[in-house]
Amino acid sequence: MDLGTQKVKAVVLKDNMVVGRGQAYSGFDPTSAAKAAVNASLKQANAQLTDVACFVATGSSMELAPYAKSTVSMMGADAKAATYRFPKARTIIDVGAEEARAVKCDERGVMTDFVVNERCAAGAGTFIEAMARALEVKLEEMGPLSLKAERASQINASCVIFGESDVVSLIHRQEPKAEIARAIFDAMADRISSMVHRLGVNPEVILVGGVAKDPGFVSSLNRKLSVKVLVPEYPDFNGALGAALTAVNRCKGGQK
Amino acid sequence: MTIEKPERKYTPEISAKEIQELRKTIRSSSEKVIADNIARMKKADPKRPYSMLYFDEIADLFGKRQQEIEAEKAKGKKVIGYTCLFAPTELILAADAIPVRVNSGWFDAAKLGDRVVPVEVCPVLRSTIGAKMIELSPFLEQSDALISILTCDGMTKFGDIMSDYKPVWRMSVPRIKDESHSMRFWYDEIKLIKNQIEKFTGNKITKGKLKEAILETQRATRAFRRLQELRKGSPVITGRDAMLVNQTYLWDDKKRWTEKVEALCKELENRAQRHDWVCPPDTPRVMLTGTPMFWPDSWKLPNLVEEANPKGIIVADELCSGERILNDPVGVDEWTIDDMLNAIGQRHLMASTCPCFTSEDGNQDRLNWLLNKIKENNVQGVIYYVIRGCILYAMEYTRIKKALDKINIPVYYLDTEYTREDVGQMKTRVEAFLEMLSVQVDI
């Protein structure tokens, strides 16, 4: 289980293969949301709660997780899951709703260093949401829209609040929405790439988290980092997969 | 004839009523934090040494020690506050005055400081200014004069603001310490401050008095080092207990403090013989470096480290609120006034690893301190603690990080503020870091 700020994700592993995924909005009760996500994933896996040998939780609300007797840090889970999919992964960038982080790991998938964005939403998913609202564009249209732009407008995304007023004044100046959208992703990618540079950009670089599903952001990040980041299928389930892989290890070790 | 109140150059006038109300609220929340910290430290070590009770008592900022100093003042003793370890406390002791360090560890007071200086200013200073505005800090209030050391930019201007309230004596620091004229300059500063202290207290700092003050400090250093020695092996004391012992030296009676530390060490040495560890010996061993952590609110990070899941144990630090207080002794060759003053100057300036210094090779002394402690205390990971506004520590990070990468010691840069709101986020990071240190078990 990955109890994130916006959604809870759950992954079921059988013989080290993913057989079920489920998710639910965290809302005000992450514990119930986690139960719902687990149920959905078990349904997909065609299994019962009692079939599960071991639960492990991660995510910002991991302490509220049902069933799980142990937890793993989000950074540890990131590293584990990314190397499961891409054995050559050495740098993992995880951009979620409220937080962005970068993790460095070794060939065993063990994290060796990490950085987290500095208590500011301008480098995370909620920023795109706020900006989409200001632009009056649907969230999922933001990425494709930005890809149409040849250039980016100038915005100074020092924070969500000021970013929003920046965007409003650009709209007033009648700048094309596509260029504004691209500027938003560029600004975000800028912040995240300087964070990753503090850690070192060691290939292969993997991008995960909910924001990895946005083609606009991926394209901006590729340009800012000057590398092509790899995005796994279901990037938003990466944390849950990492927790499940940890559960496999702990199960072997006799821990429940 | 009406007496004119001196005009305040910096600080706003606050009504007596507001001062009283704010002081009452912040003081009562501080008393809770102190009690809570101590309760957590007790919980962390069910067999906590009996001697710690004494330090708990001294840690009550509004308790026994405040009353003692008040009684001494009533008998005519002067109290001299200082803001930084460069202040030659031996001279204060030799003039029969009481030295107290006055940096504030109260988060709530920082918000008040915002009325005088912008939020970009380091919160230690904002909080100390705030504490002064509402007369919160017993030791700052009791100080008859302040020694302000011009280290970083914030510290330099801090003295100006404090001069709204008290006589402030400034000591200028040469920022390249290993040039030949630096020590001459600093020696002159020491002589000037000696005259200042003598004039203010009316007590002459004689050869005999100064020697006694130095010997007393040397005894404290020996006791302190005995305690540090005990942190090198399997853990017999929590990091928080050791940090509290270290920090109480800043306001306690020096002679009594030394005796109590000796008693504590005796208990701990027995404990080590019984192999009665405070936590499993394979608990990740953590060192703290960076901005000072002042009692009581800045126990935020030490509490997190030692209560995390997985747990860590703090075995060393490089903090001017911790081991730097007494790590280096005053080394005197000849007991002449000149030689003693020189030795005092050496101890307070040359031994310091403060990031305000630079040299041809940068602040190599700080790096050496870290490398030595990492080796001697078997440190497995370093938390680099920076509170917003502390530019010097922030700017030294990359160098330290590179050097520690070379010896495969993980270091985590943790930035925070004088606030309780980010405890949740800090916890996530600290736990991930500790997990990283102990992850080998999981593979």
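## A tour of chains A and B

Start where the chains meet: 13 residues of chain B are in contact with 15 residues of chain A (contact: C-beta atoms, placed from the backbone, within 7 Å). This is a predicted model, in which local features need pLDDT of at least 70, side-chain atom pairs count only at pLDDT 80 or more, and totals for chains, interfaces and linings use all residues. Residues are numbered from 1 along each chain as its sequence is written, while chains are lettered from A and ligands numbered from 1 in the order in which they are written.

Check confidence before moving on. Chain B has a mean pLDDT of 94, with 98% of its residues at 70 or more (pLDDT: the predictor's confidence in each residue, from 0 to 100). The model scores ipTM 0.82 and pTM 0.90.

Turn to chain A. Select 1–81 + 237–256 for domain 1, then 87–231 for domain 2 (bounds from an automatic or database domain assignment). Their C-alpha centres lie 26 Å apart. Nine residues from domain 1 and 14 residues from domain 2 make the contact.

Finish on helix H2 of chain A, residues 74–85. Helix H2 supplies five residues, the largest share of the side of domain 1 that touches domain 2. That side of domain 1 has two nonpolar, five polar and two charged residues.

How values were computed. Two residues are in contact if their C-beta atoms, placed from the backbone, lie within 7 Å. Helices (H or I, at least four residues) and strands (E, at least two) are DSSP runs, numbered from the N terminus. Ala, Val, Leu, Ile, Met, Phe, Trp, Tyr, Cys and Pro count as nonpolar, Asp, Glu, Lys and Arg as charged, and the others, Gly among them, as polar.
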